[in-house]
Amino acid sequence: GALLVSERIDREELCGALSPCSLSFEIVVENPLELYSGTVEIQDINDNDPVFPSSQARLEISESVAAGARFPLESAQDPDVGINSLQTYQLSANPNFALDVQTRVDGSKYAELVLEKELDREEQRELNLVLTALDGGSPPRSAHVQIHIDVADANDNAPVFNQSTYKASVRENTPSGTLVARISAYDLDDGPNGDIVYSFSSHTPTKVRELFALDSATGELRVKGQLDYEEAKLYEIYLQAKDKGVVPGVAHCKVLVEVVDVNDNAPEVTVTSVYSPVPEDAAPGTVVALLSVTDLDSQDNGQVSDVNDNAPKSSQDSYDVYVLENNMPGIPILNVSATDPDLGRNAHLSYTLLQGDPTVGHLFSINRENGTLYLLTSLDHEDHVEFSMMVQIQDGGFPPLSTNVSVSVFVTDVNDNAPTVLYPYPNSTATYPDVVAPGTPAGHMVTKVVAVDADAGYNAWISYTLLQATDPSLFSVGLHSGNILTARQLREDDAPQHTLVILLKDHGEPVLSTTATVSISVAEMVKEVLTDLTDVAPASDPRKHVTFYLILAVILVSAAFFITMLSLGIFKCYKWRQSKELFNSSRSTTYRTPGPFHHIDAVRGGFTPPSFYHQVYLTTDSRQSDLLCKKPFTSSPLGSCQSTIRNSEPGLYHQIVSTASRLTAPAE
């Protein structure tokens, strides 16, 4: 059971800069069957010296550079890890420069020269310094590099980056040439001193230079090599901008490139065989093999996939939102929040306004991604007090699941309407004063100011105040009613005409107001007031003629309708009487000749003079028959009828005459 080293182990060869460095193995023990996992950690020893890329470094620094300027130096590399890796730098003693050691995100060290005292080219044209790199071993290992500094004349404006740190993200396996970031610097100098060249800083690691390329003219940082998320998740790239002056000015910036994981690794299944071959009489439940699954990708790319079995859940089933009227358009008024316990696309939520009321779609809008509800226009409490809508929250699964949330928006009132006077009419050109008689006692109501306010609540409460009057001691106004009362008894010596200016104010914030003018005449009778008003020439109103003609037209149409209906009634009555007479005449034994008058009407009304009749002929049904008459010395159908009766049957003629004599006597 002893685990032995079969050959010499080189940690740097096996793991490189990865720490800790470990090797995994599995051991199967039989009878009873057991599986053990083991890990061997390879510990580092300080067996490598720090190494600089070159034995000498050369810098050009202008004498105009101010104190505090920084100059990055080439970093040393040490393949050891932990305490045995590069720990610090040291700089040889000098009057002008100090050394500042910085730590990167991955823990590695780099050094920068800091100018503490400004250079003077006339005193010293060049400086030679020694930079020493030390690791943390015991005893420490070291490396040295000679730094030669040339002091140049001033190029008084150095390039300046528009930001000191740039951030970018790029997917792993991105093809070569893909743009990662674009850095930009400016230089206030002209000509070559203002032309900028971009490059990697001197302490940029070699690995970074192999993976990324920088365009010296445009500052575009592009992918050059193959990025692998499993190898490195973040790259810290140091770049510089240098002008083309005799002594170039230099500016430095940092680019942080985040590598985004791509699902480029398939799950790996490891099978450890226990029984092979399996005996045919193996009992049920016998372990045949052990399986383990791993995926080098991260997060969702390395997990078992999700099923969209959860609908979105909102923190509230309904929302009530209160918005002041006259709001600014485009303001957010609510954030509808929801969660979905699913993963990935199944948990990606989108928010939509359901179009129940078309008005809602014109007034409100919701951000599809974050659920922020926006008000697109200004609302008016006097037009609409409440809006109701439904927000649908839907996930990105297939099929998608959704939840509906109700939202009620209440428009609260703002005091944006001044009181409006209904009486006395504010736009009337003619003045018709109210009249009060002399001697009227105090407290008598003369008239009333009527006003309304379109606002609501306290904003619509109106108070009335006497602002100006011909005689302030004579009249008063009710604070809340608007009633104009006599403040004292009217006297004979009071002025005959009074003008009151009433101030109307609401109770909003700020207070809005208007005024009403009331005219009051002190007179014994209305005739006196009308006499006084004759001097006032009323303004001509073109509408009064139209009103007169409209009234006249209505009267004429009504009269014509009445006359038509009366004529129709008379005509119907006449036709009815005529039809009845014809019916009765058919029942008579003797024919008759129709006449213009009935018997009773003619006799009782005195319409027939005595000399008009020669003889009267009546039937047995004389009460309903017409009068047969004959005018003397004239030829008429009546006469011919009489002759006809006489000549036809003499007995009938005498019978008719006797019967008529008996019937006419009682009638008279």
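The model is predicted, so local features are given only at pLDDT of at least 70 and side-chain atom pairs only at pLDDT 80 or more, whereas totals for chains, interfaces and linings use all residues. Residues are numbered from 1 along each chain as its sequence is written, and side-chain values use heavy atoms, with hydrogens and water left out. The protein chain holds eight helices and 38 strands, where helices (H or I, at least four residues) and strands (E, at least two) are DSSP runs numbered from the N terminus.

**Whole chain**

- Of the 668 residues of the protein chain, 33% count as buried, buried being under 20% relative accessible area, exposed over 50% and partly exposed in between, with a 1.4 Å probe and protein chains only.
- Among contacts in the protein chain (heavy atoms within 4.5 Å) between residues at least 6 apart in sequence, 64% join residues at least 24 apart.

**A four-strand sheet**

- An open sheet with mixed pairing is built from four strands in the order β31-β38-β37-β34, with two strands taken as paired if DSSP finds at least two bridges between them.
- Its edge strands, each pairing on one side only, are β31 (434-436) and β34 (462-469).
- From one strand to the next the twist averages 35 degrees, with axes being lines fitted to C-alpha atoms and angles running from 0 to 180 degrees between N-to-C directions.
- Strands β31 and β38 (residues 513-522) run parallel and are joined by three bridges, and Val435 has Ser521 as its bridge partner in β38.

**Lys505 in strand β37**

- Lys505 is placed in strand β37 (residues 497-506), and it counts as partly exposed because its relative accessibility is 33%.
- Leaving aside neighbours within four places in sequence, Lys505 is in contact with Pro419, Trp461, Ile462, Ser463, Val511, Leu512 and Ser513.
- Between Lys505 and Asn459 the C-alpha to C-alpha distance is 9.6 Å, although the two residues are 46 residues apart in sequence.

**Aromatic rings**

- The count comes to 10 aromatic pairs, under a rule by which rings of Phe, Tyr and Trp (its six-membered ring) pair if their centres lie within 6.5 Å, planes under 30 degrees apart counting as stacked, over 60 as edge-to-face and the rest as tilted.
- One of these is the edge-to-face pair of Phe212 and Tyr235, with 5.5 Å centre to centre and 75 degrees between the planes.
- This pair links distant parts of the chain, 23 residues apart, with Phe212 in strand β15 (residues 212-214) and Tyr235 in strand β17 (residues 234-243).
- Phe212 and Tyr235 are both buried.
- Tyr423 and Tyr425 also form an edge-to-face pair, at 5.7 Å centre to centre and 90 degrees between the planes.
- Tyr423 is partly exposed because its relative accessible area is 29%, whereas Tyr425 counts as exposed at 59% relative accessibility.
- Lys233 lies over the face of Tyr229, 5.2 Å from the ring centre, by a rule that asks for NZ of Lys or CZ of Arg within 6 Å of the ring centre and within 35 degrees of the ring normal.

**Cysteines**

- A disulfide is a covalent bond between the sulfur atoms of two cysteines.
- The count comes to one disulfide, taken as a pair of cysteine sulfur atoms within 2.5 Å.
- Cys15 and Cys21 form a disulfide with their sulfur atoms 1.8 Å apart, and their link is right-handed, with 60 degrees about the S-S bond.
- Cys15 and Cys21 are buried.
- Cys253 counts as buried because its relative accessibility is 3%, while Cys573, at 43%, counts as partly exposed.
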